[in-house]
Amino acid sequence: MSGRCLRGTQACPGFRLQAAGRGTGDGRDLSLPLTEKQSLLVKELQSLAVAQRDHMLRGMPLSLAEKRSLRLGLALLSSLQALTPWRYALKRIGGQFGSSVLSYFLFLKTLLAFNALLLLLLLAFMVGPQAAFPPALPGPVPVCTGLELLTGSGCFTHTVMYYGHYSNATLNQPCGGPLEGGRCSPRVGSLPYNMPLAYLFSVGMGFFITCITLVYSMAHSFGESYRVGSTSGIHAITVFCSWDYKVTQKRASRLQQDNIRTRLKELLAEWQLRQSPRSVCRRLRQAAALGLTWLLCLGMALGCAVAVHVFSEFMIQSPEAAGQEAELLVLPLVVGLLNLGAPYLCRILAALEPQDSPVLEVYVAICRNLILKLAILGTLCYHWLGRRVGVLRDQCWEDLVGQELYRFLVMDFILMLLDTLFGELVWRIISEKKLKRRKPEFDIARNVLELIYGQTLTWLGVLFSPLLPAVQIIKLLLVFYVKKASLLANCQAPRRPWLASHMSTVFLTLLCFPAFLGAAVFLCYAVWHVKPSGICGPFRTLDTMYEAGRVWVRHLEAGGPRVSWLPWVHRYLVENTFFVFLVSALLLAVIYLNIQVVRGQRKVICLLKEQISNVSAPTSATLAPTFSVIWVTLPSTPLPAYPQPLRTFPCMPQLLRGFVCQTSDPEQYVHFSASDKAAVRQIPRDLQEPTGLGPWGRV
């Protein structure tokens with residue numbers, strides 16, 4: 001066909017439009033509205049190549065203006081899709097390396113969406129208003145030297161990047177009276193833009209929306225990965241039903257062939273793994289090796305946490321090191337090296353416990369790396385909110401914590417680049433040239449935990465550095481391109497293919513409960529219990545950040561009866577802990593109900609598969625497959641379902657619900673239940689279940 005669709009067939013998008021527009025002869029369509037036809041046409045044309053799209057547009061019964069607008073709109077859509085880094089790369093990665101490696105890049109794409117959503121909210125309600133009404137700087141602006149890109153200090157300090165730049169005054173009108181203790185007292189009867197309240201509620205709403213989105217994504221991913229009860233029959237479905245006949249380009253067809261071939265390898269490897277038996281002695285040896293390896297890995301995680309604590313105490317007790325910008329990178333460098341080297345040691349120890357299942361091997365590696373990251377992050381949280389606040393009470397400690405989190409994020413990216421260059425590229429050269437081996441495999445567990453670690457740092461620092469999600473977005477985009485290039489050049493497909501059907505669900509679960517929940521607890525403690533610094537930030541005159549809401553309520557009560565409902569909302573919906581517990585209970589109920597619904601769907605799918613096997617199983621009586629006509633001898637006496645005597649008539653079996661039989665009237669049909677003993681004399685025993693008398697129907 002040379003890549004062209006057949007005219008007058010359903011495969012041609014032009015035919016769909018013409019067939020839809022010829023309903024009345026005057027260009028009107030009685031079946032589809034105009035907007036739906038246009039959207040259908042755009043979707044069909046968007047999936048075609050440029051040359052094929054132009055060829056189709058020439059033959060369509062449209063005016064020149066409509067064709068010109070369609071070409072312009074499709075060109076804009078194509079340019080926007082070309083900006084996304086996963087447009088073509090994900091298909092190539094999935095076809096060449098399988099679903100296990102693809103799950104890493106899909107998870108990275110999900111993190112991009114979370115950070116973009118959080119950043120838009122902070123820009124709209126916090127960063128944007130403060131940038132429109134900048135406060136007076138306390139002194140001369142430092143000159144940028146370029147080192148600020150690594151340290152985050154210097155000329156970045158007095159910008160909207162950090163907490164200390166934000167004002168504690170109203171932003172949309174002058175003060176109604178003199179400043180009292182550095183606070184602007186608004187005019188009576190007004191509803192000003194309260195910057196402390198905007199700062200607090202923007203961060204709180206950002207976390208709340210992220211929580212809702214994360215729970216929904218986790219529930220949706222859980223339903224997608226567990227909706228099929230088993231993989232029985234999936235091999236035939238993959239062979240006969242996976243090809244997309246709309247694909248006409250040679251490049252796209254090659255990608256689709258790679259995808260189908262890789263999926264068949266994964267399915268066959270999973271089936272072979274289930275068929276291979278294991279002896280008792282082999283299981284005992286694996287259990288002993290597993291216990292020894294776990295003890296060594298837990299001791300390593302504990303040692304890393306102790307090392308981070310000791311070094312952070314040394315940095316706090318060395319004030320001369322804190323005054324030099326280059327010395328500020330020492331603690332992030334030490335933590336980054338521990339995060340980089342410990343997973344390699346765990347991987348070496350994992351060689352002592354050969355796993356039969358590659359899926360189990362990845363899950364065990366993820367758990368060990370997760371314990372290591374949690375131990376290090378827990379120590380750092382104590383360092384930031386415990387030691388730092390006590391030592392730097394007379395300084396703007398929020399800015400210092402935000403700068404340190406920025407340095408951790410930047411250092412994590414730099415070490416990732418160095419690891420990709422020297423850890424993957426050099427090891428690939430050594431393996432091929434010196435050791436005469438194949439390329440190394442992509443380490444999914446270590447790379448995924450690096451993403452979760454970076455995202456946790458972003459959530460921990462969003463209160464002290466509101467633009468940290470923007471830094472994380474830039475980092476994730478660069479990581480995508482670097483990891484994609486390294487994967488295609490330095491890595492090979494897994495030697496043992498395995499189906500990563502639940503991998504995305506596991507990643508989102510780890511992101512939700514250890515990472516997001518820990519960051520939320522960290523920020524709640526900072527808002528409710530830690531005293532803000534008295535020289536900077538929107539909460540400089542308050543005992544806690546949460547007290548900004550109470551101050552706002554008192555101003556509203558003095559503002560008159562027009563805004564009297566807002567104090568009621570704050571008192572009963574924000575300060576009342578019952579509402580917080582109610583929202584938490586609703587979220588847990590949603591998660592539980594989604595899990596139960598998916599479990600119910602799996603049971604229904606298993607039951608339907610069993611019923612189909614029962615109906616199509618060979619029996620002693622002649623029984624055709626489902627939806628084929630069989631002949632059943634019915635008694636000559638009247639039945640409750642049909643009062644007239646019946647003889648031998650054609651009947652159609654329904655799935656465990658009896659039969660629909662034709663009567664003496666050619667246009668009339670009657671339904672007999674499988675439990676009706678008088679009507680099932682020659683029906684197999686498998687179908688004789690008490691399902692009750694069904695409704696009337698037709699074949």
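View 1. Helix α18 gives the largest share of the lining of the largest pocket, 10 residues. Helices that each supply at least two lining residues are α8 (195-226), α18 (503-528), α20 (565-574) and α21 (577-615). The lining comprises 35 residues in total, and those nearest the pocket centre are G204, F208, C524, W528 and V580. The space in this pocket amounts to about 1,500 Å³.

View 2. Beyond neighbours within four places in sequence, the contacts of K475 are with L409, D412, F413 and G454.

**View 3. Helix α6 and its bend at L123.** Helix α6 covers residues 99-132, 34 residues in total. From first to last C-alpha, α6 reaches 47 Å, close to the 50 Å expected at 1.5 Å a residue. At L123 the helix bends by about 50°.

**View 4. Stretches with pLDDT below 50, residues 644-649 and 674-699.** The protein chain has a mean pLDDT of 76, with 74% of its residues at 70 or more. Over residues 644-649 the pLDDT stays under 50, and the model has 19 contacts for them beyond four places in sequence. Residues 674-699 also have pLDDT below 50, with 58 contacts in the model beyond near neighbours in sequence. Where pLDDT is low, predicted coordinates should not be read in detail.

Notes. Residues numbered from 1 in each chain as written. Predicted model: local features only at pLDDT ≥ 70, side-chain atom pairs only at ≥ 80, totals over all residues. Heavy atoms only, no water. pLDDT = per-residue confidence, 0-100. Contact = heavy atoms within 4.5 Å. Helix = DSSP H or I, 4+ residues; strand = E, 2+ residues; numbered from the N terminus. Expected span 1.5 Å × (residues − 1). Bend = angle between axes of the 7 residues up to and from the residue. 1 Å grid on protein atoms, 1.4 Å probe; cavity = no way out; pocket = protein on both sides within 12 Å on 5 of 7 lines; lining within 4 Å. Points joined across faces, edges and corners; volume = space filled by probe spheres on them.
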